[in-house]
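Good morning, everyone, and thank you for making time for this short talk.

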Amino acid sequence: MFIKTKRIGTQTIDLPSKPRVAGYSSIVGPKEGQGPLGPHFDQVFADDLLGEKTWEIAESKMFEHCVRLTLQKGGMEPEQVHFLLGGDLLNQITAASFAARQLGLPYVGLYGACSTMSESLCVGSMLIDGGMADSAVCVASSHFCTAERQYRAPLELGNQRPPTAQWTVTGVGSTLLRAAHQAPQAKVCVSRVTCGKVVDLGIPDANNMGAAMAPVNANIDPYPMGTAA
């Protein structure tokens, strides 16, 4: 039996049902709130610890709070959601996993580092388009203080950062995807997803994340609409 593929070229997948973006939210720490995008975040915390004892607990709490806010804006209760897709920058995606325990949703943990947001949107959109779900919450989080301890040096050591060092964001982004018939009023949809490839430019400086991740900003689909490999 011939099954028509939804693939376009080697990396892009067409989504005929066009899953809808039914809600979204973003929460950040104090440094991010002071930047030029500050007024556009849903919430800016004044304390990186969020009143908790550790940075990791604070990140998990921020993750959970962002998901609940997204569902509230999308008009859904947690028990109505079919999938929670997300992760963070920690070993065993600790912050996301503990937040998932509190939320009680069917959970698919993802570890794509900075790409986790787009990765979760890709997977969630394909699940909905494939008829495996009517809804999915896609989430990614990071916390400067947990990431420094994970990848470089704990803040307690007082190490000096080199001039090339970027600053890992303290924040969470969350998006609620729903099937088209469940959210006909939604104006934004996902019509296609393109899964990227790992590109190693040989950047040896662990602090210079900008140079290491530059290829993603220059990604161009070699197979535009209507063409194939």
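Predicted model: local features only at pLDDT ≥ 70, side-chain atom pairs only at ≥ 80, totals over all residues.

Residues are numbered from 1 along each chain as its sequence is written, and side-chain values use heavy atoms, with hydrogens and water left out.

Two packed helices are described by the angle between their axes and the distance between the axes. The axes are lines fitted to C-alpha atoms, for helices over the stretch in contact, and the angles run from 0 to 180 degrees between N-to-C directions.

Helix α2, residues 55-74, packs against helix α3, residues 94-103, at an angle of about 50°, and their axes are 8 Å apart. The two are therefore oblique to each other, given that angles under 35 degrees count as roughly parallel, over 145 as roughly antiparallel, 65 to 115 as roughly perpendicular and the rest as oblique. On the α2 side the residues that meet α3 include Phe63 and Val67, and on the α3 side they include Phe98 and Leu103, where contact means heavy atoms within 4.5 Å. By class, this contact of α2 with α3 has seven nonpolar, two polar and four charged residues; here Ala, Val, Leu, Ile, Met, Phe, Trp, Tyr, Cys and Pro count as nonpolar, Asp, Glu, Lys and Arg as charged, and the others, Gly among them, as polar.

How does α2 sit against helix α5, residues 144-151, and at what angle do their axes cross? They cross at roughly 130°, and the axes come within 8 Å, which makes α2 oblique to α5 as well. Trp55, Glu56 and Glu59 of α2 make this contact with Cys145, Thr146 and Arg149 of α5, and the residues divide into two nonpolar, one polar and three charged.

Staying with α5, please find alanine 147, which lies in that helix and is buried, with a relative accessible area of 1%; buried means under 20%, exposed over 50%, and partly exposed in between, with a 1.4 Å probe and protein chains only. Leaving aside neighbours within four places in sequence, alanine 147 is in contact with Leu89, Arg152 and Thr168. Glutamate 148 also lies in α5 and is buried at 5%, and, with the residues up to four places away again not counted, glutamate 148 touches Ala153, Pro154, Leu155 and Arg161.

Serine 142 lies in strand β7, residues 135-142, and at 7% relative accessibility counts as buried. Although serine 142 and leucine 89 are 53 residues apart in sequence, their C-alpha atoms are 5.9 Å apart in space.

Finally, how many disulfides are there? The count comes to zero, a disulfide being a pair of cysteine sulfur atoms within 2.5 Å. The sulfur of cysteine 122 is 4.7 Å from the closest cysteine sulfur, in cysteine 195, and that is too far for a bond. For cysteine 138, the nearest cysteine sulfur is that of cysteine 122, 9.2 Å away.

Definitions and conventions. Helix = DSSP H or I, 4+ residues; strand = E, 2+ residues; numbered from the N terminus.
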